[in-house]
Amino acid sequence: MNNEKTVAYKANIDSIPEPLYLALTNDTYVKVGDYSVSELIGPPQPAQLIKRHRDKLLLDPYDRIKSLMGTGIHSVINSYTNDATHLAENRFSVTVDKLVITGQPDVFSIDDNILYDYKTTSTWISAIGRKDEWECQLNCYAWMLRQNDFKVDKAVIAAIYTDWSKTKKALSILKKSHYPENPVELFEIPLWEDFQVEHYLSARTREHERAKSLADADLPECSKDDRWRKDTWAITTPNASRATRVFDSLEEAREALPNYKGKDYYIEEREGQPTKCKFYCDAAPFCQQLRRESIGKELDPAYYGDTR
């Protein structure tokens, strides 16, 4: 059981089988040390808000379906891992600035010095290539392994696409659009030097430690990447009801703009929605950043007083 206060889940109102409900709501993670690598790579604002308001949280068990799927896949894979040639989910501890940091890599292959991490995720990741947080996480794990006298030659993410479909793959060929070839795709992660990892961990621990003394309203704001906010840039004309074309980056829009002549075409930045904040962050009901943006009004903590 977790050594922090337990959180409350919505009652089993849909009468799903009790074993499934219990699997979705049972947290078996036990925290060791001051921080885990997973904690440090995340933003300090939601981490602090969840700790401070944990007793007010009322979570939806259905939001944990994907997590349960990931846990199950990891468990099955680990059952086939050869203990003689692999380290599977071994927990390592290191000290950074007098704080104990722990990390638990998925699999390290001793024979060929390759660090693997399994990610159950969506096919849209394939177009991006990899998440920045994955690079940070695996480099922290690689550094921990090196601190324990293991040589790490390569770090690889094995992305397992839980929404991959043969039908969508066939359609992507017809539409000439990007779609992963298979439901599993490997991404090699560039390895950092030791001093880079040490600098990164030191900076992250300072940021998280500083957040402990700040009021909710003064916590450092989450970045666009933290919030999964994807802004776009549109080529359009004054008073147009629709954009002529929309681009994922300002550079692409600037490069294309000279091709549009005859009207007063210009580039307009369009702010994306913070998808993680609105749909996937447990701290959203208490987030002052959301309130300042008037996005989280419907998520006021008073809501929980009517439902618990």
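These legends walk through several close-up views of the predicted model shown above. Local features are drawn where pLDDT is at least 70 and side-chain atom pairs count only at pLDDT 80 or more, while totals for chains, interfaces and linings use all residues. Residues are numbered from 1 along each chain as its sequence is written, and side-chain values use heavy atoms, with hydrogens and water left out.

**View 1. Strand β11 is covered on both faces.** Let us start with β11, residues 232-236; helices (H or I, at least four residues) and strands (E, at least two) are DSSP runs, numbered from the N terminus. Five of the five residues in β11 are buried, where buried means under 20% relative accessible area, exposed over 50%, and partly exposed in between (1.4 Å probe, protein chains only). Thr 232, Ala 234 and Thr 236 lie on one side, with Trp 233 and Ile 235 on the other.

**View 2. β11 pairs with β13 and with β12.** Two strands pair if DSSP finds at least two bridges between them. Strand β13 (residues 266-270) runs antiparallel to β11 and is joined to it by five bridges. Three bridges, also antiparallel, link β11 to β12 (residues 245-247). Ile 235 is a handy landmark here: it stands opposite Ile 267 in β13 and opposite Arg 245 in β12.

View 3. The structure holds six aromatic pairs. Rings of Phe, Tyr and Trp (its six-membered ring) pair if their centres lie within 6.5 Å; planes under 30 degrees apart count as stacked, over 60 as edge-to-face and the rest as tilted. Trp 192 is buried at 18% relative accessible area, and Tyr 200 is buried at 16%.

**View 4. Trp 228 and Tyr 280 form a tilted pair.** Their ring planes stand at 50°, so the pair counts as tilted, with 5.5 Å between the centres. The pair links distant parts of the chain, 52 residues apart: Trp 228 is in the loop between α8 (194-211) and β11, and Tyr 280 is in the loop between α10 (275-279) and α11 (288-292). Trp 228 is partly exposed, at 33% relative accessibility.

**View 5. Lys 31 lies over a ring and takes part in a salt bridge.** Lys 31 sits over the face of Tyr 35, 5.8 Å from the ring centre; a charge sits over a ring if NZ of Lys or CZ of Arg is within 6 Å of the ring centre and within 35 degrees of the ring normal. Lys 31 also forms a salt bridge with Glu 39, with 3.4 Å between the closest N and O atoms. A salt bridge is a side-chain nitrogen of Lys or Arg within 4 Å of a carboxyl oxygen of Asp or Glu. Lys 31 is buried at 16% relative accessibility, whereas Glu 39 is partly exposed at 25%.

**View 6. Further salt bridges include Asp 153 with Lys 151 and Glu 209 with Lys 212.** The count comes to 16 salt bridges. Asp 153 and Lys 151 meet at 2.4 Å, N to O; Asp 153 is partly exposed at 39%, and Lys 151 is exposed at 53%. For Glu 209 and Lys 212 the closest N and O atoms are 2.8 Å apart. Salt bridges that share partners also join Lys 224, Arg 229, Asp 231 and Glu 271 into one network.
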